[in-house]
Amino acid sequence: MKKIIIANWKMAPASLKEAVSFLAKIGEYLKRNKSGSEIVIAPPYVYLESLISASAAAKGYGGLRFASQNVFWEEKGAFTGEISPKMLKNLGANYAIIGHSERRKYAAETDEMINKKVIAALNEGLKAVLCVGEPLEVRKKGKKAAMNFVKNQLQKDLKGIKKLSIVGRGLLVIAYEPVWSISTSGTGLVCSPDDALEMIKYIKKLLTTNYQLLTPRVLYGGSVDSQNIQGFLKHNEIDGALVGGASINAKEFKKIVELTI
Ligand code: PGA
C-alpha cells in the first residue's frame, strides 16, 4: 500500500546546518525506497530552498518530496511576510500544509482564510494538505459531535472547490488531526487507530459524496511515532501520517520511514 508520510518539523531545528545534516541522515536511507510511498519533509520556510537543492544534488533521495507549513492566497503584491503558492511551486515544493491547528490557534487563521489558501494552492498545482480536527471539548461530547465538527470545517474550508477541475487530479490531501491528540496539546491523550479509522472513513464518504472526489487521500496526525504508526498504517483507508515531534528526531524518523517503505 502506498502511503504518504509528512514530517512537520514545525519551528525546528535552530540552524540550517542542523536541517541539512538531518536531511542527509534521512535521505541516504530513503535511497532504498522502492515502495512508491512518499516521504515529505515540511521544514520552516527558511530551509526549504537549501534542502530542495541538497535533495536534487543527491538525485532526489529516492523520491523525497517537500512541503511548506503554510502558504498565502495571493499570487504577489503588498502582503508583508507572506509567501505565495507560485513562489513555492517555483522553488520545487510539492505540497503546502494548510490550516494546521497551531496556525488556527496562534496565527488566528479562520476557515475563510484557509479556504482561500486551499483554492490558491490547488490553482497553482501545489498539493494542499488541509488539516482538520476537533478540540477536546467537542470530542468529550462524543463521536457524533466530533464528526459534525469536522464536517463543518470541511464545508467551510472546501467551499467552492467543486468548481476546480484540478481537484480530480489528486491534488487535495486531508489530514485528520484531532487537536487533543497532538503531542504538545498537553492532554496526554492519543487518538486510537480505531477512532482515527472511523473518522477517516467518514471524511472519505463526505469527500466522495459531497465533493465528487474520486480517490480522496486522508492521513492521520497526532502523536504518531515509531511505536504506534503501524496501528494506523495497517488500515488501507488511512493513507499515511502527518508526524510532528517524532519527525525531528532522526532515529525515530528513520524507524518511521523503515516501517513505511
Ligand atoms: P505531533 O504533531 O506528531 O507532535 O503530535 C502532529 C502535528 O501537529 O502535525
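The following is a working conversation about the predicted model shown above.

Colleague: What kind of model is this, and how are residues numbered?
Modeller: This is a predicted model, in which local features need pLDDT of at least 70 and side-chain atom pairs count only at pLDDT 80 or more, while totals for chains, interfaces and linings use all residues. Residues are numbered from 1 along each chain as its sequence is written, and side-chain values use heavy atoms, with hydrogens and water left out.

Colleague: How many helices and strands does the protein have?
Modeller: The protein has ten helices and eight strands. Both are DSSP runs numbered from the N terminus: helices are H or I with at least four residues, and strands are E with at least two.

Colleague: Why is the protein called as compact as a globular protein of that length?
Modeller: Its radius of gyration is 17 Å, close to the 18 Å that the globule rule gives for 261 residues, so the protein is as compact as a globular protein of that length. The radius is taken over C-alpha atoms, and the rule is 2.2 Å times the number of residues to the power 0.38. Along the principal axes, the C-alpha trace spans about 45 × 45 × 35 Å.

Colleague: What percentage of the residues count as buried?
Modeller: Of the 261 residues, 51% count as buried. Buried means under 20% relative accessible area, exposed means over 50%, and partly exposed lies in between (1.4 Å probe, protein chains only).

Colleague: And what share of the contacts comes from residues 24 or more positions apart?
Modeller: Such residues account for 75% of the contacts with a separation of 6 or more. A contact means heavy atoms within 4.5 Å.

Colleague: Turning to helix α2, which of its residues are buried?
Modeller: In α2 (residues 45-57), the buried residues are Y47, L48, L51, I52 and S55. Their cover includes α1 (16-30), β3 (65-68) and α3 (85-91). Just after α2, K59 takes a positive phi of about 55°.

Colleague: Which other residues have a positive phi although they are not glycine?
Modeller: Q212 is one of them, with a phi of about 55°, and S223 is another, at about 60°. Q212 is in the loop between α8 (193-211) and β7 (217-221), and S223 is in the loop between β7 and α9 (229-233).

Colleague: What about N70: where does it lie, and what does it touch?
Modeller: N70 lies in the loop between β3 and α3, and it is buried at a relative accessible area of 8%. Not counting residues up to four places away in sequence, N70 touches Y45, E82, L88, I97, R103, E109 and K117.

Colleague: Where is the cis peptide bond?
Modeller: It joins A12 and P13, with omega about 0°. P13 sits in the loop between β1 (4-8) and α1.

Colleague: Last topic: how many disulfides does the structure hold?
Modeller: The structure holds zero disulfides, a disulfide being a pair of cysteine sulfur atoms within 2.5 Å.
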